[in-house]
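Dear colleague,

Please find below the structure that I am handing over to you. My findings follow directly after it.

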Amino acid sequence: MGLSKDQIAQRIAQELRDGWYVNLGIGIPTLVANHIPTGINVEFQSENGILGMGPFPFEGEEDADLINAGKQTITAMPGASFFSSELSFAMIRGQHVQLTVLGAMEVSDNGDIANWKIPGRMVKGMGGAMDLVASAENIIVAMQHTNRAGESKLLAKCSLPLTGVKCVKKIVTDLAVLEVDPERGFILLERAPGVTVEEIQSKTAGRLVVEGEVPEMEF
Amino acid sequence: MSATNYISKVVPNAAAAIEGLENDMTVMFGGFGLCGIPENSIAAIRDKGITGITCISNNAGVDDFGLGLLLQTRQIKKMIASYVGENDEFERQMLSGELDVELIPQGTLAERCRAAGAGVPAFYTPAGYGTEVAEGKEVRVFNGKPHILEHAFDAPFAFVKAWKGDKAGNLIFKGTARNFNPMMAMAGKITVAEVEELVEVGELDPNSIHIPGIFVQRIFQGVDYEKRIEQRTVRAKSE
């Protein structure tokens, strides 16, 4: 039995470090904000132009002029700031943001990521994802280990159009925490509670490196 | 010294503000989703029946609001954007080939606007390297990392929306409604700013101006702002 989406977010939150500026993508990454460890101060950046993004507003306090990149109504924390898209991406490309967490359709064992387009289907666009993955020093992917058809999303080579090349550093799935070494492949760091190394091996299509005893994740 | 020491940019309304906008032009529209969009200008363009528009905008509105209004009436020929979900009519026109669509990374979109306004013809960015966005583009390696060459936009008209503005065209934005508006204001050869509150010169603190009036050719007091919310998300009081 693998992790729930909320548990994936909780495990990623353990990667947060004090003083970091963090950009969270849409979906599971957004949930990371609910699990900030005690004693850790981080500020969330949303690429539409806010640093210091707070939780959703109370009912009746929604402001049409205050949204996140997912177009959801949000609040601003004390100390927050607003800025233009150009300045927002200067922060991102200029590597002033320490961590980017985003979802993916596929990741390859050299760190390529595909998450914006399925040929033949409606294409919604890449939004800020290509700028984020091309520039961020630290990228964590949050996703399910397999797709709806049960096929591995951790591949030797992405089959879908790429969002970025050799950029993913770490992946947290419902089954495992993996580090990406472009030379060696997916390094298995941790297993979800009750999930065996064999199951992770059978559901990972790309190169998987298993070294010694692989511990279970701790929450 | 003359009677005024500022250059007035004021026009009476949206209809006057779109004067000179013709069919088959490239036009920038500020906003992110439905946040900070020039509602009055979009309505005026719809009413005047301008067609063949090439839109530069981060998004394409929703079916019945924002740029979706100009899609309904088939006034848009091409859409240059970074994200175009949430719009069924857009999808239908795109899949049927009626609408030409060019998707580009959001930061590249922003910088191509800024570059246009800042007199920078082109720039290198790492965004999109190794993807289909880079196809046909010059690649150069800086500090060991490959970058692609992107060009400034060329837009005769830009429509932006601000919270407050004065008669000299100085603008102040509110919250995340700022988004693409400042750099599109810089980029437009004719930039039209519509504002929720148009005030006399001298009423805005010069320290607080986000976009100086030099970037704005026309300004008008907007009316009947709907400011629709796309995704209303709230939390319970007990949290």
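The pLDDT is the predictor's confidence in each residue, on a scale from 0 to 100. This term is needed at the outset, as the model is a predicted one. For chain B the mean pLDDT is 96, and 97% of the residues in that chain reach 70 or more. The model as a whole scores an ipTM of 0.95 and a pTM of 0.96.

Overall form of the chains

Chain A contains five helices and 13 strands. Its radius of gyration is 17 Å, close to the 17 Å that the globule rule gives for 219 residues, so chain A is as compact as a globular protein of that length. Taken along the principal axes, the C-alpha atoms of chain A fill a box of roughly 50 × 40 × 30 Å. Of the 219 residues in this chain, 57% count as buried.

Chain B comes to six helices and 11 strands. A compact globule of 239 residues would have a radius of gyration near 18 Å, and the 19 Å of chain B agrees with this. The C-alpha trace of chain B spans about 55 × 55 × 40 Å along its principal axes. Buried residues account for 54% of the 239 residues in chain B.

Cysteines

A disulfide is a covalent bond between the sulfur atoms of two cysteines.

Rolling a probe the size of a water molecule over the atoms shows where empty space is left. The structure holds six cavities of 30 Å³ or more. The largest cavity contains about 70 Å³ of space. Its lining consists of 15 residues, of which B:Gly33, B:Ile37, B:Ser57, B:Asn59 and B:Leu67 lie nearest the centre. By class, the lining of the largest cavity has eight nonpolar and seven polar residues, and no charged ones.

With kind regards

Methods:
Residues numbered from 1 in each chain as written. Chains lettered and ligands numbered in written order. Predicted model: local features only at pLDDT ≥ 70, side-chain atom pairs only at ≥ 80, totals over all residues. Heavy atoms only, no water. 1 Å grid on protein atoms, 1.4 Å probe; cavity = no way out; pocket = protein on both sides within 12 Å on 5 of 7 lines; lining within 4 Å. Points joined across faces, edges and corners; volume = space filled by probe spheres on them. Nonpolar A, V, L, I, M, F, W, Y, C, P; charged D, E, K, R; others polar. Helix = DSSP H or I, 4+ residues; strand = E, 2+ residues; numbered from the N terminus. Rg over C-alpha atoms; globule rule 2.2 N^0.38 Å. Buried < 20%, exposed > 50% of the residue type's maximum accessible area, 1.4 Å probe, protein only.
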